[in-house]
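Subject: Structure for your files

Hello,

Here is the structure you asked for, with the sequence. My notes on it follow below.

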Amino acid sequence: MKSLRTLLPIVLLSISTMAFAQSESHKPSAPSSAPKSDAQKSFDKLKTLAGTWEGHGTTNPPVPDMPDTMHVDLQVISSGNALKHEMMGKPKTDGTNSKDADHPVTMLYLDGDRLLLTHYCDAGNRPRMAARVSPDGNTVEFDFVDVSGSTKHGHMDHAVFTIIDANHHTEDWTYMMPGDKPMHAHIDLQRVQQTASAR
């Protein structure tokens, strides 16, 4: 019985050592020096936009209650695996449009060799779009792939991010209204604050 008590800790230690060695052998190897894909380069470029932005937006056709100032917050999250984009309008200075109901969230992320965007829309649906990059890398354009949820009130269909410099970028969004009528929004944004992840 005494030898069994002595043997038990040795057996447990051996099992834990084998389990650790096995888990170490399944760890991915160090990243290779393979060249980055276009999707990865575009994603890295978009992550430099992390921070708080404000600017003026216009729509075509015009939206009567469009806020004077648009506010956009971009944040690198999930250990660098996603970029969260939150958009909201600031109330007008005259006190109108104080209800800030619209607050869509968009997630940008890599899926294999594709850069995707999922837009969590106030219309209650989630369109996905896939990126294509301009030759200079400063414009990333997202084309519609598919949509989950009801499209009764329309859905977001297209997005373009254009980086002008470190403190200035534009966003162009196309919303497909019922009857497949497009509404275009253009937002000219200036950086208000840079986050630590963008520095």
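Which residues have the most contacts inside the largest nonpolar core? In this predicted model, they are Leu 46, Leu 108, Leu 117, Phe 142, Phe 161 and Trp 173, and the core has 29 residues. At least two core residues come from each of α2 (38-47), β2 (69-77), β3 (82-90), β5 (114-120), β7 (139-148), β8 (155-165), β9 (168-177) and β10 (181-194).

Next, a charged residue. Glu 171 is part of strand β9. Glu 171 is buried but forms no salt bridge. The nearest side chain of opposite charge belongs to Arg 191, 11 Å away. The side chain of Glu 171 does have a polar contact of 3.1 Å with the side chain of Trp 173, a residue listed above for its contacts inside the core. Setting aside residues up to four places away in sequence, Glu 171 touches Val 72, His 85, Met 87, Val 160, Phe 161, Ala 185, His 186, Ile 187 and Leu 189. Phe 161 is also on the list of core residues given above.

The last item is a glycine. Gly 154 sits in the loop between β7 and β8. Is Gly 154 buried or exposed? Gly 154 counts as buried because its relative accessible area is 2%, and the cut-off is under 20%. Apart from neighbours within four places in sequence, Gly 154 is in contact with Ala 123, Asn 125, Tyr 175, Met 176, Met 177 and Pro 178. Tyr 175 is 21 residues from Gly 154 along the chain, and their C-alpha atoms are 7.1 Å apart.

Regards

Note on methods. Residues are numbered from 1 along each chain as its sequence is written. This is a predicted model: local features need pLDDT of at least 70, side-chain atom pairs count only at pLDDT 80 or more; totals for chains, interfaces and linings use all residues. Side-chain values use heavy atoms; hydrogens and water are left out. A nonpolar core is a set of buried Ala, Val, Leu, Ile, Met, Phe, Trp, Tyr and Cys residues joined through side-chain atoms within 4.5 Å. Buried means under 20% relative accessible area, exposed over 50%, partly exposed in between (1.4 Å probe, protein chains only). Helices (H or I, at least four residues) and strands (E, at least two) are DSSP runs, numbered from the N terminus. Lys and Arg count as positive and Asp and Glu as negative; His and the chain ends are not counted. A salt bridge is a side-chain nitrogen of Lys or Arg within 4 Å of a carboxyl oxygen of Asp or Glu. A polar contact is a pair of N or O atoms within 3.5 Å; within protein, one must be able to donate a hydrogen and the other to accept it, and residues adjacent in sequence count only if both atoms are side-chain atoms. Contact means heavy atoms within 4.5 Å.
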